[in-house]
Amino acid sequence: MSTQPSLPGRQFLSLHLLETVAAVLPVRDENGAPKSIVYGGVERHMITSQARRRAERVHARKRANSGIGPLKGHTMGIRTREWALITARSLEKDHGWEYEPALRTARAVLEALNLKFGDPAKKTVANLTKVLVFAPEDAGVRIAAHLAAEQQSVTAWTEDFIAAQRAEAEKRKKTKKATEEEQEGDANENAAATKVPLPKTLRTAVLTALAPRDAIDIALYGRFLAEVADSPNVDGAVQSSHAFTVHEAEQIDDFFAAADDAKLDRKANALDFLDAADDAGAGMTGYQSLISGTFYRHAVLDRARLRNNLRAAGMAEHDAETAAIAAEEEFVNAFVDAFPEAKRNSTASTGTLPGLVLAFDGDRPFNYAGAFQRPIDELTDGPAGAAAVRRLLEHHHFVTQRRTDIRPGNVLTYDLDINAVLGELKAEKKLDAKEVVTIEGLTT
């Protein structure tokens, strides 16, 4: 029976952030338009938690793999549909296999686990799994090593498995059934795995390679893999909310015209005015939607869940504790610094610094979205960034006076105007948080 791990503070670390962006488009809907919600009776711009979480994961992984930050040297995960391709490249590069047999074998092994692949007739997706699989970065290399170690038996099994697949496909092809029966046949399309199952030792090795193991970001953000029943899912330690503007949404549809360099060069060097006239006009025109505003976003780290996830992955108590402390530090860094990369080159959005970060811990999560149900009106409240900071911190002061399961916490700002607001709140004795000047200071 597992015991509750000791924690450096209270169980839940709550993070609250206000950031102001101008003329950006970090997420889009299926029509290329900004995402939005209706809250407090008005439309607000929204940046989805999925976009933020991916930005945070990638930010942390890049730092760790570059030997930067508290997670350097730790295993990280990667979410991809390309595990068959990754495994095949490792078989070719590290073990001397021919690429085509390697790819055929890697795909067959993953199909035998019940992972479905794209249409074989479409080359672009034929060797991609239909779902993204979040697994440790070295999973493909590990699978390849096991396949190479048992090359002779694995090759024989692969041929039998593919033959069984073809036989099943031929059987379905010859059967002229109603749509319902065809759909039932599709549901049983992995009958080959039942007839020619993956050898038990190899199956165990592949499942172990794909298991969360010591991948820190899987322990933080979790994963769900319904297709492989005996591969463990992970309930993530991080809860993230959608970010929304603290005021009513405002957007512009920006008309753009792109120049054709070759045409303009020809026009500039034309010797006949008629030739120059033929080259009039832009090379391409269109519209793009851009948004501006001050966003509130929130996330919670469950420290107990994080430690349990790491121990469940096989870490010893001391190692899990050390990894959890490093993971918390890197998570806070990513929450503050990471930003979705959509249109980053044309909007420089990834250089955004938050106006305010509030961090505190408690015995339960605390979401302060309710502080902004009444939208900020800049005509009466002043600039949204400073007004939102005052409202958030006054709300926090109000809550901390009424709850014993919460600590005042720390605040960090990168904005001179907001720094002045902090001074005003301090003088009014409404600042229930300590001012810090570094990200590391948020959790000390």
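Colleague: What makes up the lining of the second largest pocket, by class?

Modeller: That lining has 15 nonpolar, 4 polar and 9 charged residues. Here Ala, Val, Leu, Ile, Met, Phe, Trp, Tyr, Cys and Pro count as nonpolar, Asp, Glu, Lys and Arg as charged, and the others, Gly among them, as polar. Keep in mind that this is a predicted model, where local features need pLDDT of at least 70, side-chain atom pairs count only at pLDDT 80 or more, and totals for chains, interfaces and linings use all residues. Residues are numbered from 1 along each chain as its sequence is written, and side-chain values use heavy atoms, with hydrogens and water left out.

Colleague: Why is something called a pocket, and not a cavity?

Modeller: On a 1 Å grid over the protein atoms alone, a cavity is a set of points where a 1.4 Å probe fits but cannot get out, whereas a pocket is an open set with protein on both sides within 12 Å along at least five of seven lines; lining residues have an atom within 4 Å of a point.

Colleague: Which element gives the most to the lining of the second largest pocket?

Modeller: Helix 1, with 9 residues. Helices (H or I, at least four residues) and strands (E, at least two) are DSSP runs, numbered from the N terminus.

Colleague: And what is the class make-up of the largest pocket's lining?

Modeller: There we have 7 nonpolar, 4 polar and 13 charged residues. The lining counts 24 residues, with Arg 107, Glu 111, Gly 118, Pro 120 and Gln 165 nearest the centre. Helix 5 supplies the largest share, 8 residues.
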